[in-house]
Amino acid sequence: TVYYSYKQFEQRKQIRDTLIGCIHATNQWIEHIDRRITAARAYAVSGESRYRNDFLIERTSTDLRNSSFQPLYQAGLTRSERVLLETIQSRSDALLAMEQEAIDAVSRGNPPLATSLLYGERYVQARQSVVDLIRSAGSNIETRISMQAQSFSERADTIKWIAIWPNILNM
């Protein structure tokens, strides 16, 4: 029973760590998008090269974005969750393309165009769509993992009683 309790503890810890990793990953993904947007908008409004550089750093840090996916993929994604993550990635790339277009507009001396691109309804809706999808994916994965944890806990309790019951009968 001690070995079983230890294994149960380890499995619960692994589930908890996976859940925390998924929550962190979705938050990190949204923060990455927000930092990129902030830099692009600051450059569009001010024209200062430091904001352009900040944008370029965020844009090229796809390793950060891709590494933030890792906990999600380690959560044992379902097919529909994988498709949703691919959709998010595609829409995030489209958002990045709009931001790059705005950066290029400032570089060509057309800040009003950049500002209209980054503050326009199309951009705002695209950004909100990406963020909503990220939150939805995170929530779906968290719910699935929580349900798995609950199922595991119920099975563990049943097995514990099966293991203890013969000892009670022998008393």
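Among the elements of the protein chain, helix α3, residues 62–74, has the lowest mean pLDDT, at 62, while α5 has the highest, at 96; pLDDT is the predictor's confidence in each residue, on a scale from 0 to 100. Where pLDDT is low, the predicted coordinates should not be read in detail. Across the protein chain the mean pLDDT is 80, and 72% of the residues reach 70 or more.

What you see is a predicted model, in which local features need a pLDDT of at least 70 and side-chain atom pairs count only at pLDDT 80 or more, whereas totals for chains, interfaces and linings use all residues. Residues are numbered from 1 along each chain as its sequence is written, and side-chain values use heavy atoms, with hydrogens and water left out.

Let me turn to the overall layout. The protein chain has six helices and zero strands, where helices are DSSP runs of H or I with at least four residues, strands are E runs of at least two, and both are numbered from the N terminus. Of the 171 residues in the chain, 33% are buried, meaning under 20% relative accessible area, with exposed meaning over 50% and partly exposed lying in between, for a 1.4 Å probe and protein chains only.

Which residues of helix α5 are buried? In this helix, residues 111–119, they are Ala114, Leu117 and Leu118, and because they cover an arc of only 90° around the axis, they sit on the same side of α5; the arc is that of the directions from the helix axis to the C-beta atoms.

Now to the salt bridges, of which the structure holds five, a salt bridge being a side-chain nitrogen of Lys or Arg within 4 Å of a carboxyl oxygen of Asp or Glu. One of them joins Arg127 to Asp34, with the closest N and O atoms 2.5 Å apart, and this pair links distant parts of the chain, since Arg127 lies in helix α6 (residues 121–169) and Asp34 in helix α1 (residues 2–46), 93 residues apart. Arg127 is buried, with a relative accessible area of 19%, whereas Asp34, at 29%, counts as partly exposed.

Another salt bridge pairs Arg36 with Glu99, again with 2.5 Å between the closest N and O atoms; Arg36 is in helix α1 and Glu99 in helix α4 (residues 79–107), 63 residues apart, and so this pair, too, links distant parts of the chain. Both Arg36 and Glu99 are buried.
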